[in-house]
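Here is a short briefing on a protein model with its parts taken in turn. Keep the structure in view as you read.

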Amino acid sequence: MAEALILDSEALNALAQPRERKVLASRAATVLRFAFERRALIRVPAPVLAEVCRGTRFDSAINHLLNNPGVCVFELTRAVAQQAGHLLARAKLSSAHAVDAFIVATALQFETAVIATGDPADIRRLAAPFSRVGVLAL
Amino acid sequence: MAQPAAKLSVSVPDELARAVRKRVGARGLSGFVARALAHELEREGVRTLLIELEQTLGTPSKANLARVRKVWPKR
């Protein structure tokens, strides 16, 4: 299985609106460049869309980014959702952190992965047991 | 549900064809080629996105690249 760069909501928003979020976007663009050079896949876990999509008027930048064939949504399957539940239990976190758990569970579907995130604390806690998952704070 | 398949006729260097067949066998060729084409299309998309981003933001700084390199797991 390939390597992957996993984008959370902050990373996705930053890449979608680079002029409005220059500092975060510069960091996100850097990890994107690095991923490209390693031939890694770029994936957005489907539940992240629930955090960033806020209606037709607001979604155009996100839709533009997701229409790029290189930025693919990773669908939420039963196996990934169940793994996310196990991660929450292991980290002793409530389901309020479900989206973070879906993100880490998505990363675990790849041989190695880096999660680019604006909110690294809980992601790090969930991913801590797995050396094949890196967490990059934007 | 499986997507309908399209038949393609392409020419590749003989040596490359032999290497791929040796790796995946005749029956695995279609899947291998489909994955390779999908991956290259994705890479073209990312390349385009990077060009757009770097026009807006400039090229990545060495400091930012070093941060990324530090967290990327070894294979």
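The contact between the two chains draws 29 residues from chain A and 22 residues from chain B. The model is a predicted one. The points below start with that contact, then take chain B, and end with chain A.

**The contact, seen from chain B**

- Two elements of chain B, α2 (29-57) and α3 (62-71), each give two or more residues to the side that touches chain A.
- The most comes from α2(B), with 13 residues.
- By type, the residues on this side of chain B are twelve nonpolar, six charged and four polar.

**Chain B as a whole**

- Chain B contains three helices and zero strands.
- Along the sequence, its pattern reads α-α-α.
- Why is chain B called more spread out than a compact globule? Its radius of gyration is 19 Å, while the globule rule gives 11 Å for 75 residues. The value is well over the rule, so chain B is more spread out than a compact globule.
- The C-alpha atoms of chain B fill a box of roughly 45 × 30 × 25 Å along the principal axes.
- Of the 75 residues in chain B, 9% are buried.
- Helix α1 (residues 14-24) of chain B has eleven residues, and the number buried is zero, so this helix lies largely in the open.

- Five strands of chain A form an open sheet. Their order is β3-β2-β1-β4-β5, and the pairing is parallel.
- Which strands sit at the edges? They are β3 (72-74) and β5 (133-137) of chain A, and each pairs on one side only.
- From one strand to the next, the twist averages 35°.
- In general, strands of a sheet pair through backbone hydrogen bonds, and the pairing can be parallel or antiparallel.

**Strand β4 and its two partners**

- Strand β1 (residues 3-7) and strand β4 (residues 112-117) of chain A run parallel, and five bridges join them.
- Two pairs mark this join. Leu5(A) stands opposite Val114(A), and Leu7(A) stands opposite Ala116(A).
- Five bridges also join β4(A) to β5(A), and these strands run parallel.
- Here Ala116(A) has Leu136(A) as its bridge partner, and Thr117(A) has Ala137(A).

- Arg39(A) lies in the loop between α2 (22-37) and β2 (41-45) of chain A. Its phi is near 65°, a positive value in a residue other than glycine.
- Is Arg39(A) buried or exposed? Arg39(A) is exposed, because 12 other C-beta atoms lie within 10 Å.
- Lys92(A) is in the loop between α5 and α6 (98-107) of chain A. Lys92(A) is not a glycine, yet its phi is positive, at about 55°.
- Lys92(A) has 7 other C-beta atoms within 10 Å, so Lys92(A) is exposed.
- Arg78(A) lies in helix α5 (residues 78-91) of chain A. With 7 other C-beta atoms within 10 Å, Arg78(A) is exposed.
- Arg78(A) and Asp119(A) are 41 residues apart along the chain, and 25 Å separates their C-alpha atoms.

Definitions and conventions: Residues numbered from 1 in each chain as written. Chains lettered and ligands numbered in written order. Predicted model: local features only at pLDDT ≥ 70, side-chain atom pairs only at ≥ 80, totals over all residues. Contact = placed C-beta atoms within 7 Å. Helix = DSSP H or I, 4+ residues; strand = E, 2+ residues; numbered from the N terminus. Nonpolar A, V, L, I, M, F, W, Y, C, P; charged D, E, K, R; others polar. Pairing = 2+ DSSP bridges. Axes fitted to C-alpha atoms, helices over the stretch in contact; angles between N-to-C directions. Rg over C-alpha atoms; globule rule 2.2 N^0.38 Å. Buried ≥ 20, exposed ≤ 12 C-beta atoms within 10 Å, placed from the backbone.
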